[in-house]
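Please open the structure in your viewer and keep the sequence beside it.

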Amino acid sequence: MLIETGSLLVSPPTMPDPRFGQTVLMLTQHGPRGAFALAINKKTNHDINRATKEMGIVKHLPFEMYWGGPVHPGSIWMLHSKDWSIDQSMHITDEWKITSHEAMFHHLADGDAPRWFRICFGFSSWGPLQLDRELERRDGGSWLTAEAPDPESLFSLDDSKLWSKATQLAAKEAVNEWLP
């Protein structure tokens with residue numbers, strides 16, 4: 001199965017790892033050194049202002065925080081549309097970028113924000129070929145995959161519907177792959 005950076009990883013209904021039940025991840029890096037992804041539908045009660053206060057930003061930021069994954073929960077990432085970037089932003093696809101730098105918070109405090117974005121703490125990662133092996137499993141515990149829609153289509157959905165929509169996209173792509 002071919003998976004590319006910018007794809008969605010969608011947990012199947014039978015996901016054996018409870019941390020990832022009904023989770024949608026955006027694959028932001030995939031290559032010989034491994035893979036990196038952010039969960040984008042797991043809203044939390046964490047307050048972004050606790051982190052920004054430590055950076056000297058006193059303006060209240062009204063943005064929600066999402067659980068990006070179990071690795072390095074102290075790291076903060078912003079997955080966002082291509083319409084915004086700073087020098088430290090990294091290209092994912094023609095539609096998507098990712099940023100993790102203190103400067104992003106200063107921009108947000110000044111009202112300079114992408115149109116579509118998620119702020120996540122933590123991330124998910126796999127070692128070399130680990131994700132590829134998981135995707136080859138046939139026991140129902142592997143990730144479903146789908147091409148990510150544009151940021152507006154993805155982030156305009158209510159979080160509670162994102163997993164269901166992503167599951168439908170993955171099913172449609174799988175059926176189209178099997179049909180001549």
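Helices and strands here are DSSP runs, numbered from the N terminus, where a helix (H or I) needs at least four residues and a strand (E) at least two. Counted in that way, the secondary structure of the protein chain comes to five helices and ten strands. With a radius of gyration of 16 Å, close to the 16 Å that the globule rule gives for 180 residues, the chain is as compact as a globular protein of that length; the radius is taken over C-alpha atoms, and the rule is 2.2 Å times the number of residues to the power 0.38.

Before selecting anything, please note that this is a predicted model, in which local features need pLDDT of at least 70 and side-chain atom pairs count only at pLDDT 80 or more, while totals for chains, interfaces and linings use all residues. Residues are numbered from 1 along each chain as its sequence is written, and side-chain values use heavy atoms, with hydrogens and water left out.

**The whole chain**

How much of the chain is buried? Buried residues make up 46% of the 180 residues, where buried means under 20% relative accessible area, exposed means over 50%, and partly exposed lies in between (1.4 Å probe, protein chains only). Among contacts (heavy atoms within 4.5 Å) between residues at least 6 apart in sequence, 65% join residues at least 24 apart.

**First stop: T23**

Select T23, which lies in the loop between β1 (7-10) and β2 (24-31). T23 is buried, with a relative accessible area of 0%. Leaving aside residues up to four places away in sequence, T23 touches L9, V10, S11, A39, N41, K42, W143 and W163. If you show its side chain, you can follow it to the backbone oxygen of G21, which the side chain of T23 reaches at 3.2 Å.

**Second stop: strand β6**

Next, select residues 71-81, which form strand β6, and pick out S75 within that strand. Is S75 buried or exposed? S75 is buried, with a relative accessible area of 16%. Its side chain makes a polar contact with the side chain of W77 at 2.9 Å; a polar contact is a pair of N or O atoms within 3.5 Å, of which, within protein, one must be able to donate a hydrogen and the other to accept it, and residues adjacent in sequence count only if both atoms are side-chain atoms. Not counting residues up to four places away in sequence, S75 touches C120, F121, G122 and F123.

Stay in strand β6 and select H72, which is found there too. At 55% relative accessibility, H72 counts as exposed, and H72 has a positive phi of about 45° although it is not a glycine.

Select L129, in the loop between β9 (117-126) and α3 (130-136). L129 has a positive phi of about 65° although it is not a glycine, and L129 is exposed, with a relative accessible area of 53%.

Move to K59, which lies in the loop between α1 (48-54) and β5 (64-67). K59 is partly exposed, with a relative accessible area of 47%. Which residues does K59 touch, not counting those up to four places away in sequence? K59 touches N49 and A109, and the side chain of K59 reaches the backbone oxygen of A109 at 3.1 Å. Then draw a distance from K59 to A148, 89 residues apart along the chain, and you will find their C-alpha atoms separated by 33 Å.

Select D87, in the loop between β6 and β7 (90-91). D87 is exposed, with a relative accessible area of 77%, and the C-alpha atoms of D87 and D17, 70 residues apart along the chain, are separated by 36 Å.

Finally, select helix α5 (residues 159-178) and find Q168 in that helix. Q168 is partly exposed, with a relative accessible area of 48%, and its C-alpha atom is separated by 25 Å from that of M65, 103 residues apart along the chain.
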